[in-house]
Amino acid sequence: MPQEPPTSKDSASRPRRCVHQLYEDHVRRTPDAVAVVSGSQQLTYRQLDERANRLARHLREAGLPRGGPVAVCLGRDAEVLTAMLGVLKAGGAYVPVEPSAPPSVLRQVLADPGLFAAVTWESLRVMVSDTVRSGRPVICLDTQAEAIAARSGEPLDAGVGVSDLACVLYTAGTAGRMPRGVLIEHRTLVSAYEGWRVVYRLSPADRHLQTTASEFAGFTADWVRALCSGGTLVLAGRDEDLDRAGDAAPLHRLLVDRDVTVVACDVPTVRGLHRHLRSQGADLADVRLIAVSGDSWYLDEQQDLRRTLGPQVRILNIYGVTEAAGSGAYFELPDRPAVTEHPERVSPIGTAFPGAAVAVLGRGGAPAARGARGELGIKGAVVGRGYLNGPTFTSRRYLRTGDLGRVRADGGLEHLGRLASHADAEAVLRGHPSVGECLVTGAENAEGHNMLTAYVTPVDGGSVNPSELKLFLATRLPSARTPRTVVRVASLPRTRAGKIDRSGVPLPARRDAKRRASSGKGGLSADGGEGGGIWSGIAGITALFSFLSWILTDALWPYSTDLSLVPQPWAALFTGLYVCESLAFGLGMGFLFCARPLVARHGRSPALTSAAHLAVAWLLIAWWPQDNYYRLAAKTDWARQAALVYVFNVTLMIAGAVLVAFAAAKPRKTDPMR
């Protein structure tokens, strides 16, 4: 059954010390031990602590209140640890911000009115200063280094308690939603650390590889595990990034050269690392533990990695959420795993970390029985205070995660994906030998119809046959849950947090796209783009209706375009206006008849898509009749003037409002991830 939270006798449930105080124990015990490695730079515990103490005093001198949030916008290097520890020692709460984050995310985090200050580099000052509230201190570690270095390096007592705020961690913000800030207290981090310490079997001899961007909960979890246990944190640089390097060779070289013993990474990283190890016949040298988190990692992949590495390396599949500082549940692959039918369909997450309770929730929010499916919930000492400017969390009630889970026959937990995901279809699809990764989601096609679509990547060096996959699915799934379209992609889109981005997949092509493309007649391309057919149709209809409107103007509105009494050059300018009105009318008709697929590809709801389609067409069509009616209407013909205002002016305003709503609306989501 799901594990319940520890009792009051469990130290994890009643922390009495702040998280930075656990780190300070090792400053006193082993001051000359290496704390952080970043490229060629190494800092001992004494050096890191003195830097953090000086920054803490600098912040206190600037007026940092107890629990005051301070943005840390530095990237991923040794100085980000100096800043985070400095903020904690000063009694504040750090708010990690990645400089490379999208502008919308930077604005959301840095423009928070509760932010006290920001710590950054001079090169980022303009970006940060333009966003934070006027008057907030912006501390640049490089240009203000002399002033900070003049402070004492001795520890200071800020009077902070375990219930004070330690940091504000933002969720990944996937599937079109903006990230949400989670308030994490000192006791939350300490409780999470105690669970990690027990499960990971942490010791001062460990050297921890860190690959996560500083803004995510994984970064905080990594440094807490390393520095609170007296170990060494090895920061991977830009050159070791899999997306930048193209393969895992630089990352493998780093963990071997730096004698890494603990690797905590996301699913794409472990997959890339495993491919490299198999291709090179290499091993992981001193690594004793690999903990993988961030997305579904399947049992067959874990077993394959075990065969590559051998039994000396512990393999953990981690289920963690930002609301619990990255803690949650874990599954450790046993040395001799039991035979499991269809291991490619199973992502076990086992049992909760000490200090947490994770359960599959049934009706009424109570834990479900074995074999049941439902939403995963978490509670216990590892859960934070609540959302920034949002609801608080209740310690006695399960916090719903938005993830789907199942209680296995042995009482362990299994992660099935997001609530709105098509977990059954994805599990079956992964069982096909030609499929590497896959996702199944509802996608609106070029005709505006929503249909279940499977996106697949081939196994290394292989290929996939969509027709074969459709037959494979149809013989194993009910008709209602079988994807109607299979789309081959080189790779699945992922968020900056490493999770599959279900809102970033291309729209499926029209069914006749291949026939039209092969005959040279255009059509929708395989990635959802438009071929020449739509645009040639718009061009033809535009030309036809522009010509018709030009020759019909005098018949419908006699003398409305009479310029016989208008002198030059004004007559020529008005003639140009009449030409533009006819062209706009023709283009509007072309857009009306042909362009709905162009609007549908933006992924809004069918109703909003239709409204926006008609709004654009009306904004173009209306000029020709409107101006001709107005030119013939007497200024004192109030009835006619009022009729024209409501037929044209008001409807044009409504059309503009519809387009504003269309632009502001988020794309339709089949996955309600935060």
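Helix α10 (residues 249-257) buries Ala249, Pro250, Leu251, His252, Leu254 and Leu255. Buried here means under 20% relative accessible area, exposed means over 50%, and partly exposed lies in between, with a 1.4 Å probe and protein chains only. Just after α10, Asp259 takes a positive phi of about 55 degrees. This is a predicted model: local features need pLDDT of at least 70, side-chain atom pairs count only at pLDDT 80 or more, and totals for chains, interfaces and linings use all residues. Residues are numbered from 1 along each chain as its sequence is written, and side-chain values use heavy atoms, with hydrogens and water left out.

**Overall architecture**

- The protein has 21 helices and 23 strands. These are DSSP runs numbered from the N terminus: helices are H or I with at least four residues, strands are E with at least two.
- The C-alpha trace spans about 100 × 65 × 50 Å along its principal axes.
- Of the 674 residues, 54% count as buried.
- Contact means heavy atoms within 4.5 Å. Among contacts between residues at least 6 apart in sequence, 68% join residues at least 24 apart.
- The protein is divided into domain 1 (42-160) and domain 2 (422-488). Those bounds come from an automatic or database domain assignment.
- The C-alpha centres of domain 1 and domain 2 lie 47 Å apart.

**Helix α1**

- Helix α1 covers residues 19-29, and eight of its 11 residues are buried, so α1 is largely enclosed by the rest of the structure.
- The buried residues of α1 are Val19, His20, Leu22, Tyr23, Glu24, Asp25, His26 and Val27.
- Their cover includes α2 (45-61), α3 (78-89), α7 (186-200) and α8 (217-227).

- Two packed helices are described by the angle between their axes and the distance between the axes.
- Axes are lines fitted to C-alpha atoms, for helices over the stretch in contact, and angles run from 0 to 180 degrees between N-to-C directions.
- Helix α17 (residues 570-594) packs on helix α19 (residues 606-621) at an angle of about 165 degrees, with axes 7 Å apart. That makes α17 roughly antiparallel to α19.
- Angles under 35 degrees count as roughly parallel, over 145 as roughly antiparallel, 65 to 115 as roughly perpendicular, and the rest as oblique.
- α17 passes α19 in a left-handed crossing. A crossing is left-handed if the near helix is turned anticlockwise from the far one by less than a right angle, and right-handed if clockwise.
- From α17, Ala584, Phe585, Leu587, Gly588, Met589, Phe591 and Leu592 meet His613, Leu614, Val616, Ala617, Leu620 and Ile621 of α19.
- By class, this contact of α17 with α19 has 11 nonpolar, two polar and no charged residues. Ala, Val, Leu, Ile, Met, Phe, Trp, Tyr, Cys and Pro count as nonpolar, Asp, Glu, Lys and Arg as charged, and the others, Gly among them, as polar.

**Helix pair α13 and α14**

- Helix α13 (residues 423-430) and helix α14 (residues 466-474) pack at about 120 degrees, with their axes 10 Å apart. α13 and α14 are therefore oblique to each other.
- α13 passes α14 in a right-handed crossing.
- Ala425, Val428 and Leu429 of α13 meet Leu469, Phe472 and Leu473 of α14.
- The contact of α13 with α14 divides into six nonpolar, no polar and no charged residues.

**Backbone exceptions**

- Most residues other than glycine have a negative phi, and most peptide bonds are trans.
- Ala325 is not a glycine, yet has a positive phi of about 60 degrees. Ala325 sits in the loop between β13 (314-320) and β14 (328-332). With a relative accessible area of 0%, Ala325 is buried.
- Asn389, also not a glycine, has a positive phi of about 55 degrees. Asn389 lies in the loop between β18 (386-387) and β19 (399-407). At 73% relative accessibility, Asn389 counts as exposed.
- The peptide bond from Gln568 to Pro569 is cis, with omega near 5 degrees. Pro569 is in the loop between α16 (532-556) and α17.

**Arg133**

- Arg133 is in the loop between α5 (125-129) and β6 (138-140).
- At 43% relative accessibility, Arg133 counts as partly exposed.
- Not counting residues up to four places away in sequence, Arg133 touches Leu110, Ala111 and Pro113.
- Arg133 and Leu110 are 23 residues apart along the chain, and their C-alpha atoms are separated by 8.1 Å.
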